Amino acid sequence: MTDYVLLYEGGSMPKGAEEQKQVMAAWEAWFTSLGAAVKDPGNPFASASTLIAADGAVSDGSGGASGYSIIVADSLDEATAMAKDCPVRQGGASISVRETIEVM
């Protein structure tokens, strides 16, 4: 079994208490359906960020990742299949599924 990071990009946060309740219920149902495959349910990212270039220059970050989750799967194909039902897509976000490589 390998860890896969689901990196969420874009999308929007729910507006109002009722929409937030519905979105959280969708996430809870999705995590429940994945069961033990959920290693870290993750969190959304704040919009403020900085970018550090290869030369060390620091600038304001823009766009990019909006959150993450970490799941465990036997293959990239299996992780991708699990990610397809992620409720983040309902808010307009895309998902990049990335296999981690254990080096330490």
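1. With which side chain does the side chain of S69 make a polar contact? In this predicted model, the partner is the side chain of Y8, at 2.7 Å.

2. S69 belongs to strand β5, which covers residues 65-73. The relative accessible area of S69 is 0%, and buried means under 20%, so S69 counts as buried.

3. The side chain of S69 also has a polar atom 2.7 Å from the backbone oxygen of P41. Setting aside neighbours within four places in sequence, the residues in contact with S69 are Y4, V5, L6, Y8, W27, F31, D40, P41 and G42.

4. The largest nonpolar core has 16 residues. Y8 is one of those that touch the most other members, together with L6, W30 and I71. Two or more residues of this core come from each of β1 (2-9), α1 (16-34), β5 and α2 (76-83). In soluble globular proteins, nonpolar side chains tend to be buried together.

5. M104 sits in the segment after β6 (94-99). Is M104 buried or exposed? M104 has a relative accessible area of 89%, and exposed means over 50%, so M104 is exposed.

Conventions
Residues are numbered from 1 along each chain as its sequence is written. This is a predicted model: local features need pLDDT of at least 70, side-chain atom pairs count only at pLDDT 80 or more; totals for chains, interfaces and linings use all residues. Side-chain values use heavy atoms; hydrogens and water are left out. Helices (H or I, at least four residues) and strands (E, at least two) are DSSP runs, numbered from the N terminus. Buried means under 20% relative accessible area, exposed over 50%, partly exposed in between (1.4 Å probe, protein chains only). A polar contact is a pair of N or O atoms within 3.5 Å; within protein, one must be able to donate a hydrogen and the other to accept it, and residues adjacent in sequence count only if both atoms are side-chain atoms. Contact means heavy atoms within 4.5 Å. A nonpolar core is a set of buried Ala, Val, Leu, Ile, Met, Phe, Trp, Tyr and Cys residues joined through side-chain atoms within 4.5 Å.
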